[in-house]
Amino acid sequence: MGNVVQIEKVRARKAEFDRGLVERAQGGEREALEELLRRLEPIFRSFFRRRVGARAAVDDLVQNSLLRVHSGLAALKNPERLKPFAMKAALFELHDMYRGRYSAKEALYEPERLPDTNTRDSGWAGSNLDLERALSILTPHARRILEMRQYGYRYKEIAKALGTTETAVKMQVKRAFTKMRTTFAS
């Protein structure tokens, strides 16, 4: 009896992503794509829940993994390898999270406890002014690159978006920080 249950489970897993469904999704059939992503969602959720636990982080990771699969689906050469392809996307998202891509981008405050920006001794207001001053000495191109880095883009992604090379982007970042260090050190 136990072997029959195991065989049925294996068959169900293989049927999860049959070749026809993947090919239809790759061909642009909206219903097939939605079904494919719907089937991947609980797999991703389980994967991330075991590794991260925090519900908000899991939701973000699942959504971003689904986006990775959606955007890379056309490049998948062997439709039968969808699940390993999808799990690799999930693993990349997990790595990005650990690298800091998912760090908080803004501080959240309770309305009753907002920082007082009118006082001189408030470090919160002063840091905004210093940041504005630091960014004002940079070229718009360098500013854009630093903003994209802050939002978690990789050098390769920035280079592609700006139509330049990865090396040029890295040099711009290095020069921007050198310029800011020199300006504020004096």
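1. In which helix is Asp96 found? Asp96 sits in helix H5, residues 82–99. Helices here are DSSP runs (H or I, at least four residues), as strands are (E, at least two), numbered from the N terminus.

2. The model is predicted: local features need pLDDT of at least 70, side-chain atom pairs count only at pLDDT 80 or more, and totals for chains, interfaces and linings use all residues. Residues are numbered from 1 along each chain as its sequence is written, and side-chain values use heavy atoms, with hydrogens and water left out.

3. Asp96 counts as buried because its relative accessibility is 4%. Buried means under 20% relative accessible area, exposed over 50%, partly exposed in between (1.4 Å probe, protein chains only). Of the chain's 186 residues, 25% count as buried.

4. The Asp96 side chain makes a polar contact with the side chain of Arg154, at 2.5 Å. A polar contact is a pair of N or O atoms within 3.5 Å; within protein, one must be able to donate a hydrogen and the other to accept it, and residues adjacent in sequence count only if both atoms are side-chain atoms.

5. The protein chain has 9 helices and 0 strands.

6. Check confidence before reading details. pLDDT is the predictor's confidence in each residue, from 0 to 100. The chain's mean is 77, and 73% of its residues reach 70 or more. Among the elements, helix H1 (residues 2–16) has the lowest mean pLDDT, 53. Helix H3 (residues 30–51) has the highest, 91.

7. pLDDT stays under 50 over residues 103–115 and over residues 117–129. Where pLDDT is low, the predicted coordinates should not be read in detail.

Conventions
Contact = heavy atoms within 4.5 Å.
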